[in-house]
Amino acid sequence: MTIVHSIPATRRLILQGAGSVALFGLGGILFAAPATAAANDKYPEEAFKQKSDADAIKALYGKPHEASDKVKLDAPEIAENGAVVPVSVTTTLSDVTSIAFFVSENPNALAASYQIPAGTTPSVANRLKMAKTCNVIAIVESSGKLYSATKEVKVTVGGCGG
Amino acid sequence: MASTIRVRAISNGDTTEVQALVQHPMDTGLVKDAQGQTIPPHFIQQLTFEHNGKKVFLANWGPAVSKDPYVKFAFKGANKGDEIKISWVDNKGANDATTAKIQ
């Protein structure tokens, strides 16, 4: 009798073991992929393809961000020409590894993402295209956490050709 | 042909401020030309700045960066007279590189 009972028991154990290994494997891939996307030198193709700002942030970093007054986003109140909108960001946060710019109503929200190696000042100025009046979001990655600043820019003439 | 990259790097004691202007159409792939033909996307994907072989700045760009892109940043650890190397590559695989002396 004991032998008959022990066979299903071991089989169950093996099955359980296999199941948890599979779950671990899947979890590892899901969490590891977005985190490395922002850290290595590879061009973040997937993040640039996302339409909404939330999806683009998820594809680039894969973690939530919080608004912070330590991130200073400088953009004009009104941009006369949406094709050239000067946007810059500076931050007092330390240990910054990357800075990214998102334009929420553009066909693809992610505009630019910058890697900041150690020794480089966490401050970037650039010029972006904006399709219409919407929010510009700057995200600063500091010590592995994400901090953001948002500003609405009114666009008189859209910068997507139209 | 003259380089597509214009760079000004100014040493300010400890930090070096770098400004770069690249000549590039940065076409989004959404705009039509006068004949109604869509202009295919053509934009710079990566712009790299190196000092003494060490990367000091890397830009990943999408088509939402303005035509003839401009970027400004600053880094520490360079001296006057040092050279920085700037290079870009676009979505069609074209590229260009130049060096600039820190002033």
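Helices (H or I, at least four residues) and strands (E, at least two) are DSSP runs, numbered from the N terminus. This is a predicted model, in which local features need pLDDT of at least 70, side-chain atom pairs count only at pLDDT 80 or more, and totals for chains, interfaces and linings use all residues. Residues are numbered from 1 along each chain as its sequence is written, while chains are lettered from A and ligands numbered from 1 in the order in which they are written.

**Confidence**
- pLDDT is the predictor's confidence in each residue, from 0 to 100.
- The average for chain A is 77, and 72% of its residues score at least 70.
- Residues 21-38 of chain A stay under 50.
- For that stretch the model has 12 contacts beyond four places in sequence; a contact means two C-beta atoms, placed from the backbone, within 7 Å.
- Where pLDDT is low, the predicted coordinates should not be read in detail.

**Strand S6 and its partners**
- Two strands pair if DSSP finds at least two bridges between them.
- S5(A) and S6(A) pair in the antiparallel sense, over five bridges.
- The two form a hairpin, with six residues between them.
- Phe101(A) has Ala112(A) of S6(A) as its bridge partner.
- S6(A) is also joined to chain B: four bridges link it to strand S4 (residues 54-61), and the two run antiparallel.
- Here Ala112(A) is bridged to Trp61(B) in S4(B).
- S6(A) is largely enclosed by the rest of the structure, because six of its six residues are buried.
- Buried means 20 or more other C-beta atoms within 10 Å of the residue's own, exposed means 12 or fewer, and partly exposed lies in between, with C-beta atoms placed from the backbone.

**Asn108(A)**
- Asn108(A) sits in the loop between strand S5 (96-103) and strand S6 (110-115) of chain A.
- Asn108(A) is buried, as 21 other C-beta atoms lie within 10 Å.
- Lys49(A) is 59 residues away in sequence, yet its C-alpha is 6.2 Å from that of Asn108(A).
- Beyond four places in sequence, the contacts of Asn108(A) include Phe48(A) and Lys49(A), along with Gly62(B) and Ala64(B).

**Ser104(A)**
- Ser104(A) also belongs to the loop between S5 and S6 of chain A.
- Ser104(A) counts as partly exposed, because it has 17 C-beta neighbours inside 10 Å.
- Leaving out residues up to four places away in sequence, Ser104(A) touches Asp53(A), Ala109(A), Cys134(A), Asn135(A) and Ile137(A).
- Ser68(A) is 36 residues from Ser104(A) along the chain, and their C-alpha atoms are separated by 18 Å.
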